[in-house]
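Open the structure in your viewer and keep the sequence panel beside it. Each stop below says what to select and what is there.

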Amino acid sequence: MLTSCSKETEPRASSTYLGGQIINPVSSRVTIKKDNKLIDTVSLDRNNFFLYEFKELEPGLYEFFHNERQLVYLTEGDSLLLRLNTLEFDESLTFSGYGADRNNLLMDLFLHNEKENGIIMALYQRDPLAFEAALDSLRQSREVIWQRYRTRNETTKDFQKVAEAMLSFDNYARKEYYPISHFGQDHATLLRQLPDDFYSFREKVDFNDGDLATLYSYQRYLIAFLNHQAFLSYVDQNSAYQPNALEHNIHKLKTIDEKIVNSTLRNYLLRFTTRNFLARSNDPQESAQIYNLFMDFSTEVEDRAYMREVYETNKRLDAGQLLPEEQVVSAKDDQAQLTKLVHNKPTVFYFWSTDRLKHLKLVHLRVNELREKFPEYEYIGLNIDGEAQIWKDIIRRHGFDASKEYRFNNSDHAKEELVINTVNKSIIVDAKGKILNSHANILSQDFENELLQYLNN
């Protein structure tokens, strides 16, 4: 039934289905959510297929997770099949079956935006009018894709809203970031010189649109707007943009509390802002301020419990604490404790994922450079996901030093205990395994200065 519905002119199924095949799966299941609420977890069969039947369906955006997150748009009677390869998640994702045309369009628009991000930094350096003209040109190229789709397919009002949001909100976000990302003069002066109507589009923005609550483009815009508003709170005192600063995040949380009333959006933005600050902060007092503000604003019981756990976990990673005793496995399948990998030498633990090919190459090149410049440190790579054999194959294929590579025995538990929200994170410990910095960024420009500073102390 599913494979026969390759065109939207075929009769609809009496129920609604989402299924497909995962190539190179990294787990045995797929998770389906709507508005950040779990609907179900579906197992893959021995051929890596899954199929889920919705008993009741509310039309709109749904999320599916298999190590990464992506969106699908479903209406009642759809029988949507997807196919993806985890080694190239977004680029490989395609759809067939009833509802496929809509979802292939959304993927086209999503990937189009990803390509645009490769040139956006150069566009930020143009003057305001030239920058606006460039954004209009980018939108026009997306508009062509959308209008071509509309000439061939009927569209509902709800789906049209989602598609047109993808045409607009990424450019809106870029306009919010423009004065922050432009070089050549201080940001306060540039803000005062912007055309009067530069942000007139805000009058059309609904900051509490539940239909778009999980749409990437809309979420990115709201975060950009919040960062812009937070920047205004200190730009006249210090024109440098400081997204990790305490003042910035206090103002950001207060703006969420004032402007965002939709529960899905409000909870997401409060969680996102607080978790990101805690994951980067090395100041216990500042962390406590942000955590307490979150607890003042959040009324969601599950979110409060989750953030309490995140906060307490981060406290266990404060400078001076010993590394958690996570179990790791070597390339020879030997078990060990993370603390036992420190051998009377300050050590940098860095992380990588089997799904992030460009990153895993880049981070190992970075480590090779650091080994040359700072041989006083040991460098240990920790894989955060993937099957053992895939991990071993990558180590062998890329010529990594297998004696310096480990993976976690329980990666989900380790990511929680070590607060691994990004693969760029690294943890620096002293020769006795006491934490110096649990929130370092191995790819940042300041990382080498940080290593030097610890050697001189």
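Predicted model: local features only at pLDDT ≥ 70, side-chain atom pairs only at ≥ 80, totals over all residues.

Residues are numbered from 1 along each chain as its sequence is written, and side-chain values use heavy atoms, with hydrogens and water left out.

**Two loops**

Select N24, in the loop between β1 (16-23) and β2 (29-34). Helices (H or I, at least four residues) and strands (E, at least two) are DSSP runs, numbered from the N terminus. Phi of N24 is near 55 degrees, a positive value in a residue other than glycine. N24 has a relative accessible area of 32% and is partly exposed. Buried means under 20% relative accessible area, exposed over 50%, and partly exposed in between, with a 1.4 Å probe and protein chains only.

Go on to N48, in the loop between β3 (37-43) and β4 (49-54). Its phi is also positive, near 65 degrees. With a relative accessibility of 25%, N48 is partly exposed.

**Aromatic rings**

How many aromatic pairs does a search of the whole structure find? There are 28. Rings of Phe, Tyr and Trp (its six-membered ring) pair if their centres lie within 6.5 Å; planes under 30 degrees apart count as stacked, over 60 as edge-to-face and the rest as tilted.

Select F54 and Y62. This pair is edge-to-face, at 5.4 Å centre to centre and 70 degrees between the planes. F54 is buried at a relative accessible area of 5%, and Y62 is buried at 3%.

Now select Y172 and Y221, whose ring centres are 6.1 Å apart with planes at 75 degrees, so this pair is edge-to-face. Y172 belongs to helix α5 (residues 157-181) and Y221 to helix α7 (residues 216-232), and the two are 49 residues apart. Both Y172 and Y221 are buried. They are members of one aromatic cluster, which also includes Y124, F131, F169 and Y178.

**Stay in helix α7**

Q229 is found in α7. Is Q229 buried or exposed? Its relative accessible area is 18%, so Q229 counts as buried. Neighbours within four places in sequence aside, Q229 is in contact (heavy atoms within 4.5 Å) with R202, H251 and T255.

**A pair of helices**

Select helix α9 (residues 263-280) and helix α10 (residues 284-297), whose axes come within 10 Å and cross at roughly 170 degrees. This makes the two helices roughly antiparallel. Axes are lines fitted to C-alpha atoms, for helices over the stretch in contact, and angles run from 0 to 180 degrees between N-to-C directions. Angles under 35 degrees count as roughly parallel, over 145 as roughly antiparallel, 65 to 115 as roughly perpendicular and the rest as oblique. Among the contact residues are L270 and F277 of α9 and I290 and F294 of α10.

**Last stop**

Select H439, in strand β15 (residues 435-441). H439 is buried, at a relative accessible area of 12%. Residues up to four places away in sequence aside, H439 touches L278, A279, R280, S281, N282, N314, K425 and S426. A polar atom of the H439 side chain lies 2.6 Å from the backbone oxygen of A279.

Notes:
Polar contact = N/O pair within 3.5 Å; in protein donor to acceptor, adjacent residues only side chain to side chain.
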